[in-house]
Structures are given as structure tokens and as C-alpha cells.
Amino acid sequence: ALAKRGDENNQASTGRGDRGREGEATGETMGATGGRRARGWRLAGLAVALVVASRLLRSASAQQQELPIPKVVFAGAGTVDDCQCIALLAKMHEEGEIDFLGDVLLNFDSLLPSSMQVTEVIHELAGIPQIPSFLSQTKAYNAFPYLYRGDSVHMAEMPAFQGIPCDSCTNVTNAADYPDAESWLAETLAGVEGDGGITYVCTAPLSNLAAVLRSRPELAAFVKEILWMGGAVDVPGNLEVDQFKYTTWNDKAEWNAYAAPYDTAFIFETAIPISMFPLDISNQVPVAGTFMETLQAALTNASQEANATSDALLIELMYAFYEEIALPAPMYRLWNTVVVGYLSPALQPYYAPPEVMNITIVTDFEDQGWTKKQDLGGGDGAIYRSVPVFMSFTSEEDKDKWMEAIANFDV
């Protein structure tokens with residue numbers, strides 16, 4: 001009986017051993033299956049992650065492409081450099097970099113009707129006759145010298161200007177017949193509600209915008225930003241006190257601030273974002289040298305064309321303007337194109353980052369029009385506001401590249 005039970009135990013033990021081996025085999029099989037499943041899940045997860053990442057990149061790219069381009073209103077004063085500004089803005093408009101809504105002429109540093117005549121011809125040659133020009137009804141508090149203002153008459157009387165066909169020119173005989181800039185700007189601002197607002201690019205006194213906002217202050221909410229060529233921070237002003245002996249002039253103010261100090265102060269006291277491009281940066285880009293050499297090369301290339309295109313006529317006209325008016329004046333700089341050039345994404349890398357400063361506009365007779373930077377000590381009781389101020393280019397090499405691009409309308 002004992003022997004029989006021993007045999008049965010041996011058989012049972014053998015059976016348990018067989019089942020154990022079967023279990024090990026089954027476990028190995030399940031482990032292998034689980035490993036394959038885990039790897040499959042990891043691969044599937046990776047594929048899903050790649051799909052999600054791809055969609056996110058496409059979405060980000062689409063959002064970037066869908067960002068609204070700046071709606072630009074240009075306010076200039078009818079100078080030689082303002083003509084170049086209009087041509088540059090026309091090129092940016094053509095390239096889809098901006099939406100050029102219209103330009104405003106402030107008759108501060110020019111004379112009618114020549115200033116409007118020249119402006120309209122530049123529109124025609126630049127291929128934007130459909131973009132309107134308007135005359136501001138505002139007046140300068142401190143008038144520009146007639147020695148400066150006569151430049152627009154000089155431009156209109158040049159042989160290079162005479163005879164240029166202009167089908168879109170208004171040819172009005174009374175200044176009251178020009179479209180009113182203040183009415184148009186108010187309507188334009190009211191019409192962009194909820195659409196991001198406008199970029200107001202000003203190379204003149206800020207009187208046009210100030211007049212509109214004084215009568216309709218609620219429209220300030222629809223000015224996205226102001227890019228202003230004006231002021232002098234760490235350099236002297238440009239009133240040329242050594243040439244013009246007027247007791248109210250000073251050596252600190254720049255003309256666009258001095259001509260309308262109260263309008264400038266009014267705008268600076270609003271909440272509208274303002275970026276300044278003062279004499280500190282514009283004094284660094286003279287007309288003589290790289291700019292004129294590049295413009296002359298462009299003229300040579302244009303003159304070799306068999307037929308005189310609008311582009312060739314525009315280059316010829318701008319070269320004549322700069323050569324006869326700006327080049328003989330040692331103090332003349334590319335003041336206004338400095339601010340307009342910043343609108344071009346291709347040119348922005350040439351600008352050094354702006355310095356944020358606290359600025360006030362002096363309205364007292366002493367140093368009137370000075371864009372005064374707050375001293376570290378403060379305590380003078382003036383109202384200061386924080387303003388990004390563009391003071392220089394990134395390097396001498398980049399400055400030369402910037403001037404070459406401006407001369408070639410390469411924006």
C-alpha cells in the first residue's frame with residue numbers, strides 16, 4: 001500500500017511538474033505577446049504625436065499667415081524725403097506688407113499748390129493712383145521758414161517733373177477744393193472698429209491726428225500705434241539757431257515737435273502706443289555717400305531701358321529731387337525714410353532695439369518743442385510717458401545695407 005501511494009505521489013508530482021512547465025511556456029508566450037502589444041502601443045502613440053505636431057505646425061503657420069497686415073495712414077509734409085516715403089509705402093502695399101489707406105499732407109514744410117501737385121504725381125508714378133491724398137486744414141504754431149517750404153516749389157518747377165503725365169491728378173485751383181484730411185481720418189478711424197485699428201505713420205507735426213482726437217476723443221481707441229519721426233533726445237535739435245536769429249528758437253527742439261508743441265504734448269498724453277524715431281537715429285543716415293551712389297546706379301540702370309517706364313521715371317525724379325535740393329544742404333538727412341523703412345519686415349533687422357524712455361514735451365517758451373528725457377532724479381513736475389525710442393542701427397554695415405535698400409525701393 002505504501003509503495004502504491006508512493007507511485008501515485010510520484011505521478012501527481014510529475015503531473016504538477018508538467019503543468020508548471022506548461023505554465024512557464026504559457027507565461028513566455030503571454031510575455032512575448034504583451035511585449036509586442038506594448039511596442040505597438042508605443043509606435044501608435046508616436047504616430048499620433050507626429051500627427052498632432054504636424055497639425056499644430058500647420059495651424060501655427062496658418063495663424064501667422066492670417067495675421068492682419070498693418071492698415072497704414074501716412075502723414076507727411078510734402079518734402080523731398082516724403083516723396084521717397086510714399087514710393088516706399090507704395091512698394092510695401094504692392095508686396096502685401098501693408099494696406100496703404102491714404103496719405104495726409106500737412107502744409108507746414110511746403111507750399112501749395114506745388115506740394116499737392118508733387119504728391120499726386122508721385123502716387124501716379126508709384127502705381128497707386130487709387131490711394132487718395134488729403135490736405136490737412138491744421139496750421140503750424142511755430143512756422144517753418146520759407147527757405148525750407150520753398151523746396152516743394154523747386155520740385156514742381158524742375159525739368160524732370162514738368163511734363164510727367166498724371167491722369168489721376170486733381171489740378172484744383174483753390175486749396176479749399178482738396179479733400180479734407182481731418183474729416184477723412186475721422187471716418188477712417190470710425191470704420192475700423194473691431195478690426196485692429198490703424199498704424200499712423202507721421203513724418204510731420206502731429207497736428208492732423210490731434211485735431212481729430214480733440215473733437216472725437218473716442219476715436220483714439222482705433223489708433224493701434226503711432227510711428228513718429230520727431231524729437232531729439234541725446235543730440236541737439238535742428239532749428240539751426242546759428243542761421244536764423246530768432247529769440248524764441250532753441251538748440252534742443254526738432255522741427256516736427258517745435259512746429260506744433262501743444263499738439264505733440266496732447267498726443268503724448270493719450271494712451272496710444274508711440275514709437276519715436278528722433279534725430280538721434282536719422283542724423284546717422286546722410287543723403288551724400290551710400291544712398292546717393294546707390295540711387296545713381298539705379299538711375300543708370302533705368303536709363304538703359306528701351307522704354308521709359310513709370311519706375312524709371314520715378315527713379316529719375318527722385319534722383320533729381322535729392323541731387324538738386326537735399327544734397328547741397330549739409331544738414332539734410334534721410335529723416336523721414338527712417339520711420340517708414342521700419343514698416344518693412346526685411347529692413348527691421350537693421351534697427352537696433354529701441355530704448356524705453358520717459359519723455360515729456362516742453363511747451364514753455366524756453367526750450368519749447370524739446371522732447372525731454374526724464375533725468376534719473378526727476379522731480380521737475382512735468383508729465384512723462386514711457387516711449388520706445390529708436391536710437392541707432394545695429395551696425396555700420398547694416399546701416400549701409402539699409403540705405404542701399406531705401407535707394408533701390410527694396411522693401
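Start by selecting residues 261-268: this is helix α9, and Y262 is found in it. Helices here are DSSP runs of H or I with at least four residues, strands are runs of E with at least two, and both are numbered from the N terminus. Before going on, note that this is a predicted model, where local features need pLDDT of at least 70 and side-chain atom pairs count only at pLDDT 80 or more, while totals for chains, interfaces and linings use all residues. Residues are numbered from 1 along each chain as its sequence is written, and side-chain values use heavy atoms, leaving out hydrogens and water.

Now zoom out. You'll find 14 helices and nine strands, and 48% of the 411 residues count as buried.

Next, select I122, F291, F321, Y322, V340 and W402. In the largest nonpolar core, which has 71 residues, these touch the most other members. Such a core is a set of buried Ala, Val, Leu, Ile, Met, Phe, Trp, Tyr and Cys residues joined through side-chain atoms within 4.5 Å. Color helix α12 (residues 310-326) too, as it gives this core its largest share, 11 residues.

Last stop: select F134, C202, A220 and V223. They are among the 50 residues of another core, which lies apart from the largest one.

Note on methods. Buried < 20%, exposed > 50% of the residue type's maximum accessible area, 1.4 Å probe, protein only.
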